[in-house]
Amino acid sequence: MHIVPKDKFDFEACARLSHANDAEVIENLPSLLEWTADVNWPVAGPVIDRLKLLGAELVAPIQMILASQDDGWKYFLIVHLVSELREDVFSALVPDLKRIVSNPTPTEIIEEVQMEAIEVLNNREQKH
């Protein structure tokens with residue numbers, strides 16, 4: 001079953017993705033995460049909505065993105081996916097967010113990744 005969008009308007013794949021079981025989603029996780037790099041793509045929202053239902057299997061791939069040089073992707077990921085993750089998954093990403101807050105790269109500052117990491121951490125802390 002084809003659950004990874006082939007292009008930014010592949011809503012048929014998104015419909016199948018919304019009904020896919022976790023094992024199918026996890027099997028395609030790297031390819032699906034690529035569609036979160038720009039939330040302006042029409043398929044980004046449905047992909048994010050399905051991914052945020054996953055658990056610990058999201059941690060390592062998200063950590064790789066947060067450690068990458070793609071600050072735009074980091075920004076979108078923090079704002080639209082990391083901020084929505086269930087508590088146990090979010091908690092596993094706190095050290096990565098704290099690194100961005102306390103030791104940001106120059107481009108993480110320019111691209112406002114640091115500001116979003118601060119906001120997400122503060123919002124989660126206020127809920128507890």
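In this predicted model, Pro46 sits in helix H4. Its relative accessible area is 31%. Beyond its neighbours within four places in sequence, Pro46 is in contact with Cys14 and Leu17. Ile100 lies 54 residues from Pro46 in sequence. In space, the two residues are 27 Å apart, C-alpha to C-alpha.

Helix H1 covers residues 11-19, and helix H4 covers residues 44-51. Their axes come within 10 Å and cross at roughly 10°. That angle makes H1 roughly parallel to H4. Such a pair is described in general by two quantities, the angle between the axes and the distance between them. On the H1 side, the contact is formed by Cys14, Leu17 and Ser18. Pro46, Val47 and Arg50 meet them from H4. By class, the contact has 4 nonpolar, 1 polar and 1 charged residues.

Helix H1 also has a buried side. Ala13, Cys14 and Leu17 are its buried residues. Seen down the axis of H1, they fall within an arc of 100°, so they line one face of the helix. Glu12 and His19, on the other side of H1, are exposed. The cover over the buried residues includes helix H2 (22-27), H3 and H4.

Helix H5 was examined in the same way. Its buried residues are Val59, Ile62, Ile65 and Leu66. Viewed down the axis of H5, these residues fall within an arc of 125°, so they line one face of the helix. They pack against H3, H6, H7 and helix H8 (106-110). Among them, Ile62 touches Leu77, Leu81, Val82, Leu85 and Leu93, with residues up to four places away in sequence not counted.

Ile62 also belongs to the largest nonpolar core. This core has 37 residues. Leu51, Ile62 and Leu85 touch the most other members. Several helices each supply at least two residues of the core: H1, H3 (29-34), H4, H5 (59-66), H6 (71-80), H7 (87-102) and H9 (113-126). The most comes from H7, which gives 6 residues. In soluble globular proteins, nonpolar side chains tend to be buried together.

Two further residues were considered. Val101 is placed in helix H7. Its relative accessibility is 27%, so Val101 counts as partly exposed. Val101 and Ile118 are 17 residues apart in sequence. Their C-alpha atoms are 6.1 Å apart in space. Ile118 is also one of the contacts of Val101, along with Gln114, Ala117 and Leu121, leaving aside neighbours within four places in sequence.

With a relative accessible area of 18%, Ser83 is buried, because the cut-off for burial is under 20%. Apart from neighbours within four places in sequence, Ser83 is in contact with Ile78, Val120 and Arg124.

Note on methods. Residues are numbered from 1 along each chain as its sequence is written. This is a predicted model: local features need pLDDT of at least 70, side-chain atom pairs count only at pLDDT 80 or more; totals for chains, interfaces and linings use all residues. Side-chain values use heavy atoms; hydrogens and water are left out. Axes are lines fitted to C-alpha atoms, for helices over the stretch in contact, and angles run from 0 to 180 degrees between N-to-C directions. Helices (H or I, at least four residues) and strands (E, at least two) are DSSP runs, numbered from the N terminus. Angles under 35 degrees count as roughly parallel, over 145 as roughly antiparallel, 65 to 115 as roughly perpendicular and the rest as oblique. Contact means heavy atoms within 4.5 Å. Ala, Val, Leu, Ile, Met, Phe, Trp, Tyr, Cys and Pro count as nonpolar, Asp, Glu, Lys and Arg as charged, and the others, Gly among them, as polar. A nonpolar core is a set of buried Ala, Val, Leu, Ile, Met, Phe, Trp, Tyr and Cys residues joined through side-chain atoms within 4.5 Å. Buried means under 20% relative accessible area, exposed over 50%, partly exposed in between (1.4 Å probe, protein chains only). The arc is that of the directions from the helix axis to the C-beta atoms.
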